[in-house]
Amino acid sequence: MSYLPCGQYFESYFADQKWWRTPFIKAKMIFMLVIVFALPHLIASEWLSVFYTINYYILAALGVQLLVGYCGQITLGHAAFVAVGGYTSAMMVLFIPWPTFMVDAGLVYPISIICAGFTAAIWSVLFGLPSARVKGFYLIMTTMAAQWITVPLVITQYVSQIGGRGQSFSLPPGLIKIGPWTIDDDTKIYYFSAILVLMCMVVMGNLLRSKIGRAWIAIRDNDIAAETMGVNIVGYKLLAFFVAGFFAGIAGAFWISALFFVSPEHYEWFYSLLWVGIILIGGVGSIQGIVFGSAFVVIIFKLLEMSVMGVSDFVMTSYPELGWITTKIIFFKESAFGLAIIFFLIYEPNGLSYRYWQLKNYFNLWPFSYTGK
Amino acid sequence: MDLFLQLVVTGVMLGSIFALVALGWVLIYKCSGVLNLAMGELTMIGGYVCLGLYQKFVTFMPVNTAFVIALIGTMVVGLFLGLLTERIFLRKMIGEPILAVIMVTVGLSFFFKGMVFIIWDTDTQVFLPRIFSIEPIVLLGVTVGSVYLWSFVAALVLMVVFVSFFKFTRWGLSMQACADDEMAALSLGVSAKFVYALAWAIAFMAAGVGGTLLGNINGLNYSVSSLGLLVLPVVVFGGLNSIPGAIVGGITIGILQNLAGGYLDFYFPGGIKEIAPFIFMVIFLLFKPYGLWGWERIERV
């Protein structure tokens with residue numbers, strides 16, 4: 001990332017600080033963009049749900065990466081902020097009597113996404129306040145408390161009861177409209193998610209290379225040293241919580257368009273842990289790591305699910321007397337997932353983005369690579 | 001006033017179980033610096049192992065003997081499981097960043113939970129025939145279920161055993177030394193690996209007994225593992241590396257939880273009893289970030 005090939009010089013700071021500095025990087029990125037947008041035509045449509053789930057995890061894990069990987073504030077309660085975003089958006093779409101011209105123009109859902117971002121951001125800052133005084137383990141505690149207070153108590157007991165429909169709000173098809181497009185099939189959901197992910201990544205990448213991002217990284221590396229250098233650490237920590245909460249809110253608001261309903265089970269503590277797991281698997285402190293981690297986790301889930309289906313079909317047809325296995329097989333899946341996380345962390349502690357970096361270095365000098373032996 | 005006294009007394013007794021489990025948690029943290037999020041699953045495993053052993057033994061033994069033997073058996077199983085867990089999973093994580101270690105314990109909790117449900121199913125199971133009579137005992141004008149009283153006694157006895165192990169035996173002293181200053185302990189010939197293994201074994205044993213006692217109170221199912229999260233407010237209250245803190249914190253959180261269930265439930269219906277310790281914890285952290293007796297970390301650039 002930080003080096004250039006031989007013979008490449010820049011004559012201005014502007015050229016040096018560009019996102020895509022060499023023609024090769026430019027070509028690579030354009031190729032990737034083409035792949036992202038051509039994807040629905042390249043693969044079978046039942047696989048699209050896998051890809052927009054990856055995009056959802058990327059969106060949610062962006063905030064976690066910002067807090068953990070760039071600002072050093074460990075959070076184990078991010079699902080709470082995603083939940084706040086999802087519920088805000090759903091309730092704005094459902095319960096506010098919007099004027100008809102806004103509904104027809106498809107403005108309601110986009111407005112609700114922005115509002116969801118801000119609500120989740122404020123909620124996140126509220127639980128980030130203790131970070132002014134505590135850090136490390138104690139901050140983990142307060143963010144976990146955010147999860148417990150938000151999802152099982154506030155949302156399940158109070159918010160879900162609004163409108164008297166029981167546990168979940170369902171959004172009838174056709175309600176979620178962005179401008180002229182109604183989000184109703186997998187292709188549209190996929191495009192919507194891809195655009196959101198690209199926008200959020202551009203925002204995050206730009207934040208990280210500005211003064212704000214440098215302040216966050218200084219706080220991560222050593223907060224006392226950062227304070228002596230004149231960085232307002234409380235302000236920047238809270239700003240990190242704000243931005244992370246904003247991304248979480250957008251993720252939540254997006255996810256209701258894919259699910260067509262919203263209910264507390266989608267924001268269990270498991271997901272908070274999963275998103276932290278994603279950034280550890282992908283690599284802490286790297287934006288591409290989020291993509292690798294999300295893809296890894298979603299694909300592992302999908303493979304486990306498919307193998308579970310295959311195994312239970314096989315057992316049912318061949319050994320009907322072993323039918324008890326099929327009822328327990330979901331727990332095998334859970335155990336296998338736990339083991340996968342553990343062994344990944346033990347044997348690949350730097351994450352997938354480190355492997356990617358090694359691979360890039362290898363091919364950069366190929367075929368005369370220097371192995372270091 | 002009667003209700004208040006009632007709630008406080010049962011709170012103390014329930015809290016003693018929390019204290020026992022928190023003790024195991026604090027031991028792991030003190031000795032090896034691992035923040036263990038799998039404590040709830042350790043409790044659950046202990047409860048189910050004891051149930052399995054009890055159901056085997058009770059067929060040819062009187063009820064009380066069978067239970068005591070099953071409890072001892074649980075502790076032996078816990079010992080071996082603790083040693084195994086430390087050796088296979090945690091040993092390799094020494095020196096890794098704190099978050100990676102936490103995620104390994106989270107992975108462990110998924111793994112253990114899946115395993116428990118594979119072996120024992122998800123339905124609520126109870127200790128049958130009953131070990132403790134349903135007849136409540138009147139104690140200083142307060143009626144207490146006998147299972148609470150016996151849990152209190154058992155938790156107290158075990159805590160005394162663990163604390164005296166920690167204070168007076170050679171192994172306990174080496175654990176203390178390691179917790180105090182790992183470098184100095186290593187240079188004096190204390191084996192850090194042995195200490196870590198011992199800490200995990202003790203945590204498994206304490207959690208197993210805690211799970212058994214809770215299983216006797218409410219029946220065994222997944223909700224037993226919520227204790228693993230309740231341990232966190234307990235240790236935050238007492239201070240992360242303080243054993244008396246864990247005990248005092250456990251009892252305080254027990255009382256607090258019961259009081260919240262008794263009084264606040266009327267105003268905030270639904271789960272306030274489970275959430276109250278966490279709300280208390282956040283507020284407490286704002287004022288006393290290192291708990292009652294935790295070590296204050298002095299940082300230098």
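Visitor: In what order do the elements of chain B run from the N terminus on?

Guide: Keep in mind that we're looking at a predicted model. Reading from the N terminus on, the order is α-α-α-α-β-β-α-α-α-α-α-α-α.

Visitor: How compact is chain B for a protein of 301 residues?

Guide: The C-alpha trace of chain B spans about 55 × 50 × 35 Å along its principal axes. For 301 residues the globule rule gives 19 Å, and the radius of gyration of chain B is close to that, so the chain is as compact as a globular protein of that length, at 19 Å.

Visitor: What share of the residues of chain B count as buried?

Guide: To count as buried, a residue needs 20 or more other C-beta atoms within 10 Å of its own. Of the 301 residues in chain B, the share that counts as buried is 50%.

Visitor: Over in chain A, is Phe260(A) buried, partly exposed or exposed?

Guide: Phe260(A) sits in the loop between helix H11 (233-259) and strand E4 (261-262) of chain A. Its phi is near 65°, a positive value in a residue other than glycine. Phe260(A) has 16, so it is partly exposed.

Visitor: What is the mean pLDDT of chain B?

Guide: For the complex, the predictor gives an ipTM of 0.83 and a pTM of 0.88. In chain B, 99% of the residues reach a pLDDT of 70 or more, and the mean is 85.

Technical notes: Residues numbered from 1 in each chain as written. Chains lettered and ligands numbered in written order. Predicted model: local features only at pLDDT ≥ 70, side-chain atom pairs only at ≥ 80, totals over all residues. Helix = DSSP H or I, 4+ residues; strand = E, 2+ residues; numbered from the N terminus. Rg over C-alpha atoms; globule rule 2.2 N^0.38 Å. Buried ≥ 20, exposed ≤ 12 C-beta atoms within 10 Å, placed from the backbone. pLDDT = per-residue confidence, 0-100.
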